[in-house]
Amino acid sequence: RVLRGAPRDLAGRRIVVSAGGTREAIDPVRYIGNRSSGLQGYSLARTAVARGAEVTLVAANVTLPDPAGATVVQAESTAELREAVLAAAADADVVVMAAAVADFRPSTRHESKIKKTDGEPEAIPLTKNPDILAELGELRGDARARGAGHPQVIVGFAAETDDVLANGRAKLARKGCDLLVVNQVGRDLAFGTPDNAATVLAADGDAVEVKRGPKDDVADAVWDLVAARLV
Ligand code: CTP
Ligand code: CA
């Protein structure tokens, strides 16, 4: 659908997309993870290739086929995803953090499988993970302060409940990104479904609503807004 007649407005642009969800090992057989399927991130990668971009897709635990024409890098944990995203972002024009990143990880990884005992199980202490999106914003800020590096467009995602737009605006400001794609969780949208509906908020005040439809619609709305912000 998008492949034919897609605008070539991302031609020659280097774009990094993260997709899927990170997993944090508890022991050799168990992890803390989330329900992200990677569908939205893969849709972003595919549509960006169709619009002419050079795409690096950093995939965390996704079982979808690789999108043709993209370079795919695998990452399991948040530490691996961070390393792969920061390396690819160094010379990228655009970074889109569509991956669901685990906020916490077990403070220590058990070398052997945790066994049941007669008593109650021990609690699993957690440590906060680094915020990759915020870090990308800080790196760009540093580069700007030095007058170095080319401007980069940074896009975040957020799944919100309750006051979706107010939460989204606050998160956009906190993360220092240019665009934030805010999904409303629930109503059988978002996780693992082919459809999505979202509001894309821009740091410059713009807000674009994408009605419920295929995830490619959200992707194309993101690329329209990104293309308008590339210099
Ligand atoms: N993100 C990230 N690194 C993290 C957590 C999140 O890069 N450690 C990115 C996600 O990929 C997403 C954006 O930040 O693009 C927002 O993620 P979200 O989980 O909604 O934000 P948090 O700051 O973790 O806030 P919350 O407490 O709502 O989970
Ligand atoms: Ca989070």
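What covers the buried residues of H4? The cover includes helix H3, strand E9, strand E10 (179-184) and strand E11. This is a predicted model.

**Helix H4**
- H4 has twelve residues. From its first C-alpha to its last it reaches 16 Å, close to the 16 Å expected at 1.5 Å a residue.
- Val-164, Gly-168, Lys-171, Leu-172 and Lys-175 are buried in H4. Seen down the helix axis, these buried residues fall within an arc of 105°, so they line one face of H4.
- Ala-173 and Arg-174 sit on the other side of H4 and are exposed.
- Gly-176 follows H4, with a positive phi near 65°.

**Helix H3**
- H3 covers residues 132-145, which is 14 residues. At 1.5 Å a residue the helix should span 20 Å, and its end C-alpha atoms are 20 Å apart, which agrees.
- At the start of H3, a side-chain oxygen of Asp-131 comes to within 3.2 Å of the backbone nitrogen of Leu-133.
- The buried residues of H3 are Ile-132, Leu-133, Ala-134, Glu-135, Leu-136, Gly-137, Arg-140 and Ala-143.
- Those buried residues pack against helix H2 (78-89), strand E6, strand E9 (153-160) and helix H4 (164-175).
- Gly-147 follows H3 and has a positive phi, near 70°.

**Hairpin of E11 and E12**
- Strands E11 (residues 195-202) and E12 (residues 207-214) run antiparallel and are joined by six bridges.
- Thr-199 has Glu-209 in E12 as its bridge partner.
- Four residues lie between the two strands. In this hairpin, Gly-205 takes a positive phi near 105°.

**Arg-51**
- Arg-51 is found in the loop between helix H1 (39-50) and strand E4 (54-60).
- Is Arg-51 buried or exposed? Its relative accessible area is 1%, so Arg-51 is buried.
- The Arg-51 side chain makes a polar contact with the side chain of Asp-220, at 2.9 Å.
- Leaving aside neighbours within four places in sequence, Arg-51 is in contact with residues including Ala-6, Pro-7, Arg-8, Asp-9, Leu-10 and Ala-11. Asp-220, Trp-223 and Asp-224 are also among its contacts.

- Asp-103 lies in the loop between strand E6 (94-97) and strand E7 (104-106).

Methods
Residues numbered from 1 in each chain as written. Chains lettered and ligands numbered in written order. Predicted model: local features only at pLDDT ≥ 70, side-chain atom pairs only at ≥ 80, totals over all residues. Heavy atoms only, no water. Expected span 1.5 Å × (residues − 1). Buried < 20%, exposed > 50% of the residue type's maximum accessible area, 1.4 Å probe, protein only. Contact = heavy atoms within 4.5 Å. Polar contact = N/O pair within 3.5 Å; in protein donor to acceptor, adjacent residues only side chain to side chain. Pairing = 2+ DSSP bridges. Arc of directions from axis to C-beta.
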